[in-house]
Amino acid sequence: MLRLFALALMPGDSGQTLGLMRETLGSRAFQSAFSNTLAASGGSVFISTVLGGVLAFATGLLRLPGRALISFLALSPLLIPSQIMALAWIEMMGSGSFALGLFGLAPPPGASNPMYSGAGVAWLMGLEHMPLVFIAVRASLSAIPGDLVEAARIGGAGQGRIAARVIFPLTVPSLAAGAVLAFAAAIGNFGVPALLGIPGRFPVLTTLIYRQLNGFGPAVMGKVAVMALVLVLLAALALLLRQVVLRRLSVPLPPGAGFAGFDPGRGKWAFLAILWLVLLWLSILPIIALTTTALVPALGVPFGLETASLKNFDAAIANPAVRRAFANSFGLAGLAGFMSALVAIVLGWLSVTARNPFAKALSWLADAAFVVPGTVLALSMILVYLRPLPVIGVSIYGTALILLIAYLGRFLPMALRPVEASISATDPSLDEAARIAGAGVLRRIARIAGPGVLPAAIAGGLLIFMTAVNELTLSALLWSAGHETIGVQIFSMQYEGNSTGAAALSVMALALVGLLVLLTDRLGGRLPPGTLPWRSA
Amino acid sequence: MKSFRNAAIAIFAMASPVLAQPSGAITVYTSQPQEQMATVVEAFNADYPDVQVEIFRTGTTELMSKLQAEFAAGSTPADVLLIADAVAMTQLKNDDRLLAYADAPLDGIPADVVDADKTFFGTKLITTGIVYNTGMVDQAPTSWDDLRAPEVAGSLIMPSPLYSGAAVIHVGTVTQQPDLGWGFYEELAANGAVAGQGNGTVIEAVARGEKAYGIIIEYMAMNAKADGSPVDFVWPDQGVSAITQPVAIVKGTDNEEAAKAFVDWQLSKTAQEQSVAQGYFPIIEGVSPPEGYPALEALNIMPLDADKLMADDQANKEKFAELFGG
């Protein structure tokens with residue numbers, strides 16, 4: 001990435017210092033994309049925070065029936081890649097929508113789809129990043145000691161009062177931290193603004209970069225590098241803010257049995273009904289819309305029993321590239337998840353427990369890779385890895401390895417953050433004792449820190465797997481013949497005007513991930529508590 | 001002893017290429033849709049079973065960017081290119097990236113789709129015209145000028161030259177026509193027309209009924225119509241723009257023999273007939289166009305000054321991006 005940023009600081013055509021930067025920042029296209037980015041990200045953070053917060057409190061504070069399923073649905077946007085989600089919402093909100101048509105709510109033909117707008121972009125990004133807030137708040141809720149709540153109850157406080165005065169203040173830091181993370185993710189989001197904002201004439205920085213590179217090639221690399229720099233600065237600011245928030249506001253909590261939630265009481269059923277309506281709207285209807293599209297023979301044909309066919313599924317399965325894509329994606333995502341979990345434990349330990357400054361810097365850089373738009377990360381990877389590697393003389397460009405490295409770079413923070421959090425929550429005296437007793441670094445990681453952070457690492461690894469299996473942004477630029485991924489396959493089918501095929505493939509990809517979730521959920525009983533995010537209770 | 005014998009056999013085998021069928025792997029970079037390419041490779045392998053074909057597919061503009069980056073770094077995995085338009089190929093040829101194939105089998109292939117130095121060869125004809133949603137439009141448009149009306153342009157979507165090679169040629173051709181020119185696009189933009197990404201986004205929007213009209217390459221619209229989408233296509237009487245989807249061999253390929261076999265096959269009658277089944281105008285004489293298409297001779301193709309287009313390419317894209325965003 002340094003190479004990319006060096007480009008950004010080059011003089012412009014007329015040769016003045018930082019001229020390129022001045023030219024780019026002064027252009028109308030950049031300025032409108034910049035303000036659009038801020039507006040859409042800001043709007044999306046509001047949506048993420050409200051939705052994620054409400055759902056997290058509802059599932060974390062109350063012992064509702066079917067809590068695990070509700071949590072799972074709340075997390076589902078994390079498992080559905082943004083382009084599938086955008087496709088699903090376009091289907092759902094369009095004039096041909098079967099799902100809305102059932103309720104007589106579909107817009108009239110010819111009305112432009114409301115999703116193709118700045119508001120559509122903000123809404124969908126908000127939905128997509130909502131789990132970031134949800135996870136943060138749920139984690140902090142389950143970290144609240146049950147003793148504390150008990151103490152408040154003995155002190156005579158009612159449930160509402162405990163929630164408002166004891167529990168809520170304790171979760172504010174994680175709510176804020178989750179919101180900042182959602183902001184950083186929104187700035188770098190590509191899939192949603194690409195599918196909704198480009199046709200809706202709502203350019204943001206990531207799509208501006210993509211369009212410029214796509215249309216003008218390496219010639220505009222310098223200009224693009226300037227925009228990338230702006231994105232990274234925005235993200236860095238956000239993360240700095242997050243550090244400050246966590247440091248200033250968080251209160252150290254004693255370990256102990258976690259707070260398990262209140263009995264919801266009589267209002268239970270009404271509350272559940274509202275919750276389920278919201279979830280139905282957010283996670284289930286779009287999937288139905290996607291499925292009906294996958295079942296019609298051609299776009300624009302209304303869905304019905306007499307038109308439904310499995311033609312699209314047959315065609316997808318018959319395509320050798322699709323089969324290869326499934327194998328590639330599962331292999332890559334599995335490796336990325338496993339390796340990230342391992343690296344996270346070591347790096348997390350070095351930066352938190354051993355306070356190694358180099359590891360600290362690395363952990364910061366890992367964050368940068370997460371929030372830099374994937375397009376930019378992929379381009380820097382191409383710049384670096386295109387030439388043969390110095391020692392072995394082999395180029396990894398055009399192999400699956402470059403995808404794996406990119407995935408590792410991109411998703412590492414998803415395992416690193418929970419692991420670091422879990423390490424900083426453990427008592428440092430244990431490590432101290434082991435060190436005094438003469439245990440080496442490796443032994444201390446494996447024996448002392450390892451078992452404690454294993455749940456967090458496994459959860460991180462699983463999340464990475466589920467995210468990486470449908471990854472698009474990096475794959476779109478780095479894939480090569482024979483190494484296609486599911487995300488690329490769906491994207492190209494849609495790009496070719498084969499949305500029905502893309503929908504069929506999306507449905508299959510979702511079904512496989514769903515199956516995987518069920519399997520891990522089955523194992524969930526044997527894993528330490530807190531391993532599966534939707535089970536943390 | 002045994003290994004010596006095996007080595008001798010291997011050397012002997014390598015020394016007699018005349019008898020050998022081409023074999024090994026080639027990588028084809030193409031802008032043709034994937035499912036189509038899967039059947040193309042299948043048919044190609046019926047004639048050349050020992051050649052393994054790997055496909056890399058994306059829009060022509062993006063493909064060119066990828067190639068540029070790969071050339072900048074020293075080499076590309078691509079052996080064969082099968083991309084939308086001759087202008088992109090000419091750029092590559094001028095950069096000395098294409099291999100001249102003097103003995104290519106050109107029987108029945110018109111000279112005007114073949115590069116003078118035999119570096120690339122047209123394989124089919126793809127025209128750009130107008131698609132409309134039959135559920136939303138009563139009076140089908142017949143000319144480009146029909147799109148200028150505010151109520152039409154307000155519901156019009158077109159592909160962007162920032163993604164599609166066909167759109168590069170189309171915008172280049174239209175803006176060179178005295179009766180259309182940039183004024184045509186300025187009027188469309190002022191009346192609310194939008195640009196999507198590739199041609200795929202156009203057929204999506206029109207088939208779904210989000211837009212009533214679209215500018216698009218013919219086979220996407222005609223194939224969607226054949227599948228049952230509520231769309232129809234017109235070849236405007238002012239003329240259409242056309243591309244030839246040329247095939248070329250990358251200079252420095254490590255499997256020249258197999259690459260040539262792929263080019264030979266693309267120019268064969270078998271391949272031409274397959275293209276017709278996939279909805280393309282054939283380029284070879286004696287093969288008739290798909291059903292419902294006009295006869296080749298009846299097709300009115302707008303004139304194009306390719307050199308001027310090459311010179312204006314960057315400016316055209318910038319001007320388009322200024323009008324329609326990006």
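Helix H22 (residues 486-495) of chain A gives the largest share, four residues, of the lining of the second largest cavity; helices here are DSSP runs of H or I, at least four residues, numbered from the N terminus. A cavity is a set of points, on a 1 Å grid over the protein atoms alone, where a 1.4 Å probe fits but cannot get out, and lining residues have an atom within 4 Å of a point. This is a predicted model, in which local features need pLDDT of at least 70 and side-chain atom pairs count only at pLDDT 80 or more, whereas totals for chains, interfaces and linings use all residues. Residues are numbered from 1 along each chain as its sequence is written, chains are lettered from A and ligands numbered from 1 in the order in which they are written, and side-chain values use heavy atoms, without hydrogens and water.

The second largest cavity holds about 90 Å³ of space, a volume being the space filled by probe spheres set on the points, which are joined across faces, edges and corners. Its lining includes Trp479(A), Phe491(A), Arg57(B) and Glu62(B).

Finally, 11 of the 12 residues of H6(B) are buried, so the helix is largely enclosed by the rest of the structure; buried means under 20% relative accessible area, with a 1.4 Å probe and protein chains only.

Technical notes
Buried means under 20% relative accessible area, exposed over 50%, partly exposed in between (1.4 Å probe, protein chains only). Helices (H or I, at least four residues) and strands (E, at least two) are DSSP runs, numbered from the N terminus. On a 1 Å grid over the protein atoms alone, a cavity is a set of points where a 1.4 Å probe fits but cannot get out, and a pocket is an open set with protein on both sides within 12 Å along at least five of seven lines; lining residues have an atom within 4 Å of a point.
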